[in-house]
Structures are given as structure tokens and as C-alpha cells.
Amino acid sequence: MNSDFLSTAKPISRLIEELHKLPGVGPKTAQRLAYHLLQAPPEKSRDLAEAILGIKENLRLCSVCLNITDSDPCGICADETRDHMKICVVEEPIDILPLERTRKYRGLYHVLHGVISPGDGIKPEDLRIRELLDRLGSNSVTEVILATNPNVEGEATSMYIQRLVTPLGIRVTRLARGLPFGGDLEYADDVTLSRALEGRQEM
Amino acid sequence: MTSRAYQTEAIIIKRQKFGEADRLVTLFTSDFGKVRAIAKGAMRPKSKLGGNVELLTHSQLMLARGRNLDIITQAQAIDNFLPIRDSLELMSGGFYLTELVDAFTEENVEDRELFDLFLNTLKEMAASSDMERALRYFELRLLNHMGYRPQLQKCANCSRQLEPGVNYFSPHQGGALCRECGYPDMSARTISVNALKVLRLWLQCDFTTACRVKLTGNLSREIKNLMRENIRYLLEKQLKSIEWMDQLNSEQKNHA
């Protein structure tokens with residue numbers, strides 16, 4: 001144990017040590033947080049403690065889309081007002097947030113929980129592709145939107161899924177790759193720019 | 001005093017996440033061999049580095065020496081090998097090449113010849129459809145260049161001239177074996193006269209000439225297995241990307 005902690009009461013030094021294990025929290029930040037919590041009203045501390053326990057006890061994967069959820073099926077899958085004929089395929093649960101923020105998409109999702117990465121030994125079987133195909137087989141889905149990241153692994157994964165889904169007679173689309181809003185042509189790389197040219201649209 | 005900034009060409013052979021939005025990039029450079037460097041903010045959509053430091057991109061880079069890792073300050077792609085990116089099969093071959101180069105090289109050892117071989121192989125793969133041939137040629141030339149040139153003229157054990165007919169190949173002995181030495185050697189496998197001839201020629205010729213050799217399916221498979229075994233013996237491991245390459249291959253065959 002750190003010698004700094006010797007003069008500190010045991011419960012505090014334990015809290016400091018635990019906070020210090022979190023990403024981005026250094027020893028000083030850990031100390032500051034610990035003393036802040038010490039002075040905060042008891043119900044605040046209890047709220048925080050419960051919130052931390054809550055993510056472990058109540059969360060699981062949605063049996064339909066494999067997103068992280070506290071109810072099964074998840075809020076999105078259970079929502080009758082959403083378009084159940086479209087499925088948007090993403091790499092990780094966190095990728096759903098930015099897509100939802102756009103408010104442009106009202107279909108369902110499917111989380112792969114990873115991406116094909118041969119150099120790291122991650123193969124298609126390690127992803128939740130099987131579950132996606134099962135969903136497509138049993139439902140009246142008309143479109144699969146591939147929203148994996150626009151990098152080498154994401155492209156490979158999308159191409160692989162496209163190859164499996166197209167024979168089922170379902171429309172497969174890929175998120176457009178183009179220039180970011182607020183960006184600058186000068187700094188665009190050739191792949192982005194050539195894809196943006198290919199996907200140009202009538203104004 | 002030496003300048004902290006330097007320029008070089010490089011092919012990106014590996015990327016890992018690093019912190020919030022940075023990438024730890026492994027480069028195979030034309031002037032300094034394998035170098036690991038940080039591409040700051042490369043994962044943000046508006047990053048000016050992003051697409052120029054993607055895997056399998058040939059880029060012109062400006063780097064700044066750091067205490068541990070160098071930092072990429074500017075990047076401009078020279079060739080993105082778009083045909084490779086657009087094909088799942090070529091992509092799997094590309095992954096394999098990067099893993100191969102990474103496995104056979106040490107950091108900060110300048111190797112212009114290997115850089116040129118690597119770059120040419122990617123160009124050939126992007127230009128032609130014969131990926132298997134490009135990979136085999138690369139493997140053989142890589143072994144040759146790194147000091148593992150297989151002995152293909154004489155028996156690697158007794159130095160007798162190899163005769164046409166049944167011969168053997170042993171990664172452990174570093175090349176072909178004559179019938180007498182190869183037969184009792186449990187680690188050796190047979191090698192056909194044609195495979196011997198192709199490999200001998202490829203060790204001496206450029207890729208254009210290597211393309212003139214006609215390869216039947218059987219011969220191509222024989223050479224592939226032979227090279228693979230040899231590489232696995234030298235690296236003492238199977239490369240991870242092989243499995244996916246094989247899987248795609250067999251799925252393709254089932255399709256056809």
C-alpha cells in the first residue's frame with residue numbers, strides 16, 4: 001500500500017484505491033473524489049452506489065438485437081411505432097447512440113459485438129452474425145443497413161455480411177461514405193473523396 | 001543537433017486503439033524499417049490523418065520523434081489500393097501480408113529491399129486477380145531476403161545433386177532432401193519436380209517472369225502448403241489471418 005494512505009482512515013484509503021483503478025483517474029483525482037464523496041449528503045453517496053450496482057445486476061443483452069438493456073426485449077425492439085422491416089447493423093452497443101441522436105432512423109438494430117479482424121484472430125464466428133441471419137429468416141425484414149465503421153475491418157465485415165444476406169433476397173445498403181460536415185476538402189483522404197464522388201447526389 | 005521531425009514513406013501494417021481517439025500505428029517505412037508511432041485523433045471523423053493511416057495504405061508521412069513513440073504529424077496517402085479494399089478475398093490476403101511482414105521484422109531496422117518487395121506485391125495484387133501467385137512469390141522472396149533461402153539445388157542434408165523423381169522437403173533441414181535422406185525423415189514431405197523447378201525459378205526472376213509459369217491447381221496447392229509449413233516452422237506459430245483466408249476460400253468453392 002502507498003505510504004500516503006497510512007495517515008488516512010481505512011475506509012477512505014480503500015475508496016481512493018478503488019477510484020484510482022478507473023480509467024482516466026489518477027491518484028490526485030481519486031483523492032479529490034473520495035473527499036468530495038465524504039462531504040456529500042448520504043443519499044447522494046447511496047444513489048451513486050446503487051447506480052454502480054445497478055449496471056451489474058439489471059443489465060443483459062436484448063434477446064432480439066443484442067443491445068445492452070434492462071428489459072427484454074429492449075425498448076427499441078419492443079416499440080411498435082418503429083419500422084420493424086429495417087435492421088441497422090452496428091459493431092458495438094455504443095454505436096446506436098449517435099444513430100439515435102440523428103432522429104432520422106426509426107427501424108431496429110442488430111449489434112455484432114465486434115468486427116472481423118484477422119490480425120487479432122477475430123473471425124466471423126466470433127461475432128453475432130448467426131443471430132442476424134436467424135432474425136432475417138423468421139421475420140419480414142426488407143432492408144439491412146450496414147453501419148459498421150468506415151475502416152478496413154468495418155468494410156471487410158460489411159462485405160462479408162452482404163455476401164450472406166443478398167442471396168436471401170433482402171435489400172442490403174451501406175451507410176454512405178463521404179465528407180464530414182464542417183470538414184475541409186484539402187484534408188480529405190483519397191478513399192473518402194473518391195467514395196464521395198461516386199455517391200454524389202442531385203441538388 | 002538532429003532535427004526532431006523526419007519524413008518517410010510507409011505502408012501501414014497494424015493499427016491499435018490508443019486512448020480516447022488516438023491510434024497506435026505500426027508502419028513499415030522505406031527508410032527506417034518497422035516503426036511504431038502515434039496518430040493523434042485518427043479515430044475522429046474529421047481527422048486529417050484518419051484515412052491516410054488506414055491499414056494497407058501507402059503514405060507519405062511526417063513524423064516527430066517522441067520520447068517513447070514517434071508522433072505522426074502529417075500524412076498523405078500515395079496509394080490506397082482500392083481494388084484490394086473492394087474485394088473480400090484480396091483484403092484477407094492483405095491482412096495476411098501485414099501479419100507476415102510484422103512477424104518477420106524487428107523495429108527500427110532499415111530494409112529498403114523488403115519495403116519495395118512489399119509495395120510491389122500490393123500493387124500486383126491490386127492490378128491482377130492472381131492473388132495466390134503474388135502471395136507465394138512474396139513468401140519465397142521474403143524468406144530468401146531474411147536469410148531463410150531454402151536449399152533447392154542440392155540435398156540439404158548430404159549435398160548430393162537432386163535427381164528428377166521423388167524428392168523431399170524439410171523446413172527443419174532448410175530445404176529439399178534427396179530420396180535417401182528424405183524418406184527416413186518423418187518431418188519431411190515429398191516435393192514434386194515441378195514445384196522444385198518453379199521455386200528455383202522464382203528465386204531468380206522478377207514477378208512479371210514469375211507470372212509466365214503455368215500453375216495447375218495441384219501444383220499451386222503443393223507450393224502453398226510447402227511455403228506455409230516452412231513459415232510456420234520458422235515463426236514457431238501459425239499466423240492468425242490464415243484461418244480466415246482459408247475459410248473464405250472454401251466458402252467461395254462451395255459457392256461455385
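How many helices and strands make up the secondary structure of chain B? Here are some notes to read beside the model.

1. **Ground rules.** This is a predicted model, in which local features need pLDDT of at least 70 and side-chain atom pairs count only at pLDDT 80 or more, while totals for chains, interfaces and linings use all residues. Residues are numbered from 1 along each chain as its sequence is written, and chains are lettered from A and ligands numbered from 1 in the order in which they are written.

2. **Chain B overall.** To answer the opening question, chain B has nine helices and eight strands; helices (H or I, at least four residues) and strands (E, at least two) are DSSP runs, numbered from the N terminus. Along the principal axes, its C-alpha atoms fill a box of roughly 60 × 50 × 30 Å. Of the 256 residues of chain B, 42% are buried. A residue is buried if 20 or more other C-beta atoms, placed from the backbone, lie within 10 Å of its own, exposed if 12 or fewer, and partly exposed in between.

3. **Two domains in chain B.** The assignment gives domain 1 (5-80) and domain 2 (83-255), with bounds from an automatic or database domain assignment. Their C-alpha centres lie 29 Å apart. In the contact between them, 16 residues of domain 1 of chain B meet 18 residues of domain 2 of chain B; residues are in contact if their C-beta atoms, placed from the backbone, lie within 7 Å. On the domain 1 side, β1 (5-18), β2 (22-29) and β3 (33-39) of chain B each supply at least two residues, and β3(B) gives the largest share, four residues.

4. **Where the chains meet.** The contact takes 20 residues from chain A and 25 residues from chain B. On the chain A side, α7 (152-165) and α8 (190-198) each supply at least two residues, with the largest share, six residues, coming from α7(A). That side divides into eight nonpolar, six polar and six charged residues. Here Ala, Val, Leu, Ile, Met, Phe, Trp, Tyr, Cys and Pro count as nonpolar, Asp, Glu, Lys and Arg as charged, and the others, Gly among them, as polar.

5. **The largest nonpolar core.** Such a core is a set of buried Ala, Val, Leu, Ile, Met, Phe, Trp, Tyr and Cys residues joined through C-beta atoms within 7 Å. Of its 97 residues, A:C65, A:V89, B:I12, B:I72, B:A176 and B:L177 touch the most other members. Helix α2 (residues 88-104) of chain B provides the largest share, eight residues.

6. **Strands around β5(A).** Strand β5 (residues 143-146) of chain A pairs in the parallel sense with β3 (residues 83-90) of chain A over four bridges, and β5(A) also pairs in the parallel sense with β6 (residues 171-174) of chain A over four bridges; pairing requires at least two DSSP bridges. A:I145 is the bridge partner of A:C88, and A:T173 is the bridge partner of A:I145.

7. **A residue to look at.** A:V90 is found in strand β3 of chain A. A:V90 counts as buried because 26 other C-beta atoms lie within 10 Å. Its C-alpha atom and that of A:Y109, 19 residues apart along the chain, are separated by 7.2 Å. Leaving aside neighbours within four places in sequence, the contacts of A:V90 include A:Y109, A:L112 and A:A147.

Definitions and conventions. Contact = placed C-beta atoms within 7 Å.
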